[in-house]
Amino acid sequence: MARVLGIDLGTTNSCVAVVDSDTPLVDPVDNGRYTLPSVVAVAEDGRHLIGRLAKRQAVINAENTVFAAKRLIGRAFDDPQTQAALRTLPYRCEAGENGAVRIVIRDRRYAVQESMALLLRELKDAAGSYFNEEISKAVVTVPAYFNDKQRQAVKDAARIAGLDLLRIINEPTAAALAYGVLQAGDERRVAVFDLGGGTFDISVLQIFDGTVEVIATAGDAFLGGRDFDDRILESLISRLEREHGISLQSDRNAIQRLREASESTKIELSDRNTVEVALPFLSARRDGTPIHLQTTLKRDSYESMVADLIERTMQMFSETIEGAKLTFAEIDEAILVGGMTRTPRVHQQVAQMWGRPPSSGVHPDLVVAVGAAIQGSMLMGDTANYVLLDVTPHNLGIMTLGGMAETVIPKDTTIPTELRKTFTTVRDNQEQVKIVVFQGDSRRIAGNELLGEFVLSDLRPAPRGTVRIEVSFAISADGLVTVAARDVETGREQTIQVTGSHSLEEDEIRRMIAEHQEDLVATIDDAIDSVISA
Ligand code: AMP
């Protein structure tokens with residue numbers, strides 16, 4: 001039986017699981033721990049530091065340490081969401097040739113896919129050494145709300161890491177799968193509320209007759225633990241700036257220390273009502289006088305700082321239930337996934353909205369990787385009990401006259417799928433049509449994400465409205481999109497796999513595979529010195 005890695009590639013932490021003798025196991029990845037911080041750094045001598053090692057040296061090497069890269073994957077540099085993310089990230093990014101984000105570290109440019117590939121390879125190697133065999137088949141999870149470009153980028157990252165990617169599945173789907181398999185029972189509806197480090201997803205699934213079917217999904221790729229950390233961070237910065245009459249914005253090390261303190265304060269506030277924040281010698285005034293931070297934060301003040309963020313998750317929760325034409329009473333289980341759901345206020349609000357306490361039976365940090373491993377085992381035919389039916393998270397379609405968005409595959413359609421619609425010309429003797437493919441929920445094209453475009457030419461001369469063009473959309477089980485347009489009369493056809501303009505070119509991927517094969521990755525022991533000297 002070939003083993004398959006189940007990989008949860010998280011914004012903050014990543015995790016790998018493998019089904020071994022019918023039992024899903026989470027593999028220790030980082031010095032015996034079960035999660036790997038999704039952090040990559042480059043030391044002075046060019047070696048890559050990965051995971052906890054990278055995270056630990058972030059304070060002294062902030063601009064060469066990449067974290068939360070998942071927020072950038074598959075996005076254009078000038079995308080407002082990218083720009084918003086970059087304002088809070090200490091490393092430098094610039095636009096690559098095709099407008100994609102390039103991370104600049106020690107004068108070398110990394111594709112975002114490359115930095116994710118380093119994490120994937122670390123997880124692969126950790127599982128390989130745990131089982132004492134090379135395991136390269138993998139199922140990797142992504143937020144349900146990831147669009148086609150983001151999924152393509154994850155696919156590229158997996159290739160660079162030397163993985164044979166069997167399937168990309170949605171994180172909440174994986175969670176429900178783990179839950180469904182581990183606690184099989186009667187037919188029931190499950191809501192998965194997943195609040196992680198960088199993203200929020202909500203999905204409603206139906207589990208029946210050995211089938212896990214996603215019936216609705218929604219999410220926000222820019223709402224997660226980091227936004228909560230940022231609220232604490234902003235309050236600490238403004239407090240220090242007020243007290244000392246200085247600007248801390250250019251002091252990257254101070255900001256990094258404050259960021260770490262913000263996150264650990266947030267985590268501690270899940271267990272305690274008051275937390276002390278002490279950061280001696282944080283920065284210095286112009287005259288060299290040291291600045292120390294010494295303060296306390298109470299849980300209720302923190303809760304009011306983040307009330308609007310929690311409210312946004314609740315709003316999306318109820319909209320998704322309504323969108324699935326259900327009521328909360330018809331949901332049999334609510335599963336909490338992601339480290340942030342350990343926040344008491346989040347737990348309470350979910351309980352209040354659903355009317356019962358939610359379950360967090362399977363460990364919220366590990367459940368997604370376990371589900372991915374189960375899916376991997378199913379794909380190898382080793383666990384035949386469950387069938388997975390996922391849905392597409394966005395409307396998909398083409399632009400029509402006047403910049404309108406015409407949907408061909410509506411959101412929440414079960415995938416894989418193929419649907420067609422027939423269009424016609426708008427002018428007499430029109431020789432060609434431009435097919436502009438979008439993904440999104442706005443009625444106007446401008447409000448959606450453009451996935452690509454192509455031209456179907458050599459149409460026969462005819463009055464407008466008479467040439468029929470059939471446009472078909474196919475979505476694979478990974479959520480990847482192929483679009484074809486066909487002149488119904490002549491049979492002439494144009495097809496594109498929507499790879500997105502920010503995907504890596506084949507030769508770039510090959511170069512990265514070759515480069516990273518010879519890559520020097522620091523091991524836990526031998527990197528300690530370079531960390532200190534960096
Ligand atoms: P994940 O992406 O699921 O690994 O979630 C990571 C996020 O959960 C990060 O923002 C962590 O700071 C946060 N987190 C982890 N543990 C806790 C906790 N006990 N209370 C609140 N947030 C937590």
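My entries below start with the ground rules and then go on to the ligand, the salt bridges and the backbone.

**Ground rules.** I am working with a predicted model, where local features need pLDDT of at least 70, side-chain atom pairs count only at pLDDT 80 or more, and totals for chains, interfaces and linings use all residues. I count residues from 1 along each chain as its sequence is written, and side-chain values use heavy atoms, with hydrogens and water left out.

I take helices (H or I, at least four residues) and strands (E, at least two) as DSSP runs, numbered from the N terminus.

**Ligand oxygens.** Which polar backbone atom is 2.9 Å from a ligand oxygen? I found that one in G197. For M340, a backbone N or O atom lies 3.2 Å from an oxygen atom of the ligand. The side chain of N13 has an N or O atom 3.4 Å from a ligand oxygen.

**Salt bridges.** I used a side-chain nitrogen of Lys or Arg within 4 Å of a carboxyl oxygen of Asp or Glu. The structure holds 25 of these salt bridges. In the one between E134 and K124, the closest N and O atoms are 2.9 Å apart. E134 is in the loop between helix 3 (112–131) and strand 11 (137–142) and K124 is in helix 3, so the pair ties together parts ten residues apart in sequence.

**Backbone.** I found a cis peptide bond from I415 to P416, with omega near 0 degrees. P416 is in the loop between strand 22 (414–415) and strand 23 (417–424). A68 is not a glycine, yet has a positive phi of about 55 degrees.

Notes. A polar contact is a pair of N or O atoms within 3.5 Å; within protein, one must be able to donate a hydrogen and the other to accept it, and residues adjacent in sequence count only if both atoms are side-chain atoms.
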